[in-house]
Amino acid sequence: MIYLGILLFLLACMALLDARFTLFVFAAPLRALLCLAAGTGFFVLWDVLAIERGIFVHKESELMTGIMVGEQFPLEEVFFLVFLCYCSMIAVAGTHRLGARSPRPSRGGRNDPKEPGNVS
């Protein structure tokens with residue numbers, strides 16, 4: 001249960017960050033949840049295909065619940081994939097927000113020291 005607990009804690013931290021800055025789910029809930037479902041679904045499919053090919057193999061651990069949602073597919077993996085997608089979208093939205101707030105470089109405006117007549 002330790003790994004699942006850590007993942008739930010991290011998801012809660014992401015949700016607090018999202019709520020504080022209105023970045024993703026708290027900015028557009030329906031669209032965000034659809035995006036999270038699509039992203040998580042993609043990675044679940046990716047994992048299932050990798051499991052079928054023997055690329056991903058689950059090994060027992062005392063840190064995990066032992067609950068399997070599929071062959072070689074632990075419950076914690078689903079929560080990890082949700083976290084991965086949520087964290088990625090928070091990073092994208094946050095980066096976009098920071099980029100929109102940063103000042104643009106001057107291109108020959110009044111404060112450009114290279115322009116004739118401007119004294120710095």
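This tour moves through the structure selection by selection and states what is found at each stop.

**Conventions**

The model is predicted, so local features are given only where pLDDT is at least 70 and side-chain atom pairs only at pLDDT 80 or more, whereas totals for chains, interfaces and linings use all residues. Residues are numbered from 1 along each chain as its sequence is written, and side-chain values use heavy atoms, with hydrogens and water left out.

**The whole chain**

Begin with the chain in cartoon view. Three helices and two strands make up its secondary structure, where helices (H or I, at least four residues) and strands (E, at least two) are DSSP runs numbered from the N terminus. The order of the elements from the N terminus is α-α-β-β-α.

Next, display the surface. Of the 120 residues, 25% count as buried. Buried means under 20% relative accessible area, exposed means over 50%, and partly exposed lies in between (1.4 Å probe, protein chains only). Contacts are defined by heavy atoms within 4.5 Å. Among contacts between residues at least 6 apart in sequence, 57% join residues at least 24 apart.

**Helix H2**

Select residues 29-52, which form helix H2. This helix has 24 residues and reaches 34 Å from its first C-alpha to its last, close to the 34 Å expected at 1.5 Å a residue; the expected span is 1.5 Å times one less than the number of residues. Show the side chains of Ala32, Leu36, Gly39, Thr40, Asp47, Ala50 and Ile51, the buried residues of H2. An α-helix has 3.6 residues a turn, so residues three or four places apart point the same way. The cover over the buried residues of H2 includes strand S2 (73-74) and helix H3 (75-101).

Leu33 also lies in H2, but this residue is partly exposed, with a relative accessible area of 48%. Draw a distance from Leu33 to Tyr86: the two are 53 residues apart in sequence, and their C-alpha atoms are 9.4 Å apart in space.

**After H2, and the residues with positive phi**

Move on to Gly54, which follows H2 and has a positive phi near 80°. Gly54 is found in the loop between H2 and S1 and counts as partly exposed at 48% relative accessibility.

Most residues other than glycine have a negative phi, and most peptide bonds are trans. Gln72 is not a glycine, yet its phi is positive, about 65°. Gln72 sits in the loop between S1 and S2 and is partly exposed, with a relative accessible area of 29%. Thr22 likewise has a positive phi, of about 45°, although it is not a glycine. Thr22 lies in the loop between helix H1 (2-21) and H2, where its relative accessible area of 35% makes it partly exposed.

**The largest pocket**

Select Tyr3, Asp47, Ile51, Phe56, Val57, His58, Met64, Gln72, Phe73, Pro74, Glu76 and Glu77, which line the largest pocket. H2, S2 and H3 are the elements that give two or more residues to this lining. The volume of the pocket is about 150 Å³. On a 1 Å grid over the protein atoms alone, a pocket is an open set of points where a 1.4 Å probe fits, with protein on both sides within 12 Å along at least five of seven lines, and lining residues have an atom within 4 Å of a point. Grid points are joined across faces, edges and corners, and the volume is the space filled by probe spheres set on the points.

**Two histidines**

Centre on His58, in the loop between H2 and strand S1 (68-70). His58 is buried, with a relative accessible area of 17%. Leaving aside neighbours within four places in sequence, His58 contacts Met64, Met68, Gln72 and Pro74.

Then go to His96, in helix H3. His96 is exposed, at 61% relative accessible area. The C-alpha atoms of His96 and Leu23 are separated by 9.5 Å, although the residues are 73 apart along the chain.

**Cysteines**

Finish with the cysteines. The whole structure contains zero disulfides, a disulfide being a pair of cysteine sulfur atoms within 2.5 Å. For Cys85, the nearest cysteine sulfur is that of Cys35, 7.7 Å away. Cys85 is buried, with a relative accessible area of 9%, whereas Cys13 is partly exposed at 29%.
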